[in-house]
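Please look over the sequence and the model below before reading on.

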Amino acid sequence: FLVGGISLFDYTKMCLAADGSETARCPASALNHAYGGTPGEAVDGDFSQRWLWSGNCYHSKWGENWWRVDLGQVRRIQFVKIWGLWSGCNPSVCRNSLNWIEIFVSNSSVPYSGDKCVINNGTVWPRNVHSHECKATGRYVVIAKEPGQEPSVSHICEVQVLGFELAQPVFAEKNVDFAQMCRAADGSETKQCNAQQSHTMYGGDAARALDGRT
């Protein structure tokens, strides 16, 4: 996912695995679920938008509903992208089930808390793929629908929570030099970032401005 030529990271696939690496999908939960569609189906990497009784999408019960993902740590979020149902069911329900949703970002697991960064006031998105700007910082992302909003059911096939891969522990430190935090070959953030310049003289190439020598 690119914004202005810059790659964004999907935080829902960057929770800690058993070996400590950031390769596990993040845990999801919900107020309720139905039709075999459990909360974790919305972060399993399956972008199919077709109704299957085996549960490739998350399905809520009718009435008030919310779905929540725990990113494992505080993240700086830029966008939330949601794939809803598109085929295999009643189009008037499935293709409109994400109308009137609200998206919350919070450091608390309590639904409806924190920043409400999105209110989708009935907007219809092409092929029911929603891409919402959601500039907020937090650990939990909640997609909710309050009672009275029709159709009063949510079908969520996949969710991406996108940002620049900067976590709160990084922000909390003082004088962090991001020029020394690019990815090395093993994936760790310990490599000096690349530098370029229009021209050089006297053997002073661009990389010397980032070599840590002051």
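**Note on the disulfides**

1. The link of C57 and C157 is right-handed, with 90° about the S-S bond. This pair connects distant parts of the chain, 100 residues apart, since C57 sits in the loop between strand 4 and strand 5 (58-59) and C157 in strand 10 (residues 155-167); strands here are DSSP runs of E with at least two residues, numbered from the N terminus. The sulfur atoms of C57 and C157 are 2.1 Å apart, and both residues are buried, where buried means under 20% relative accessible area, exposed over 50% and partly exposed in between (1.4 Å probe, protein chains only).

2. The model is predicted, so local features need pLDDT of at least 70 and side-chain atom pairs count only at pLDDT 80 or more, while totals for chains, interfaces and linings use all residues. Residues are numbered from 1 along each chain as its sequence is written, and side-chain values use heavy atoms, leaving out hydrogens and water.

3. A search of the whole structure finds four disulfides, a disulfide being a pair of cysteine sulfur atoms within 2.5 Å. One of them joins C15 to C26, with an S to S distance of 2.0 Å. Both C15 and C26 lie in the loop between strand 3 (9-10) and strand 4 (28-30), so the pair ties together parts that are 11 residues apart in sequence. C15 is buried at 6% relative accessible area, and C26 is buried at 2%.

4. C89 and C94 also form a disulfide, with their sulfur atoms 1.8 Å apart. Here C89 is partly exposed, at 23% relative accessibility, whereas C94 is buried, at 3%.

Key
Helix = DSSP H or I, 4+ residues; strand = E, 2+ residues; numbered from the N terminus.
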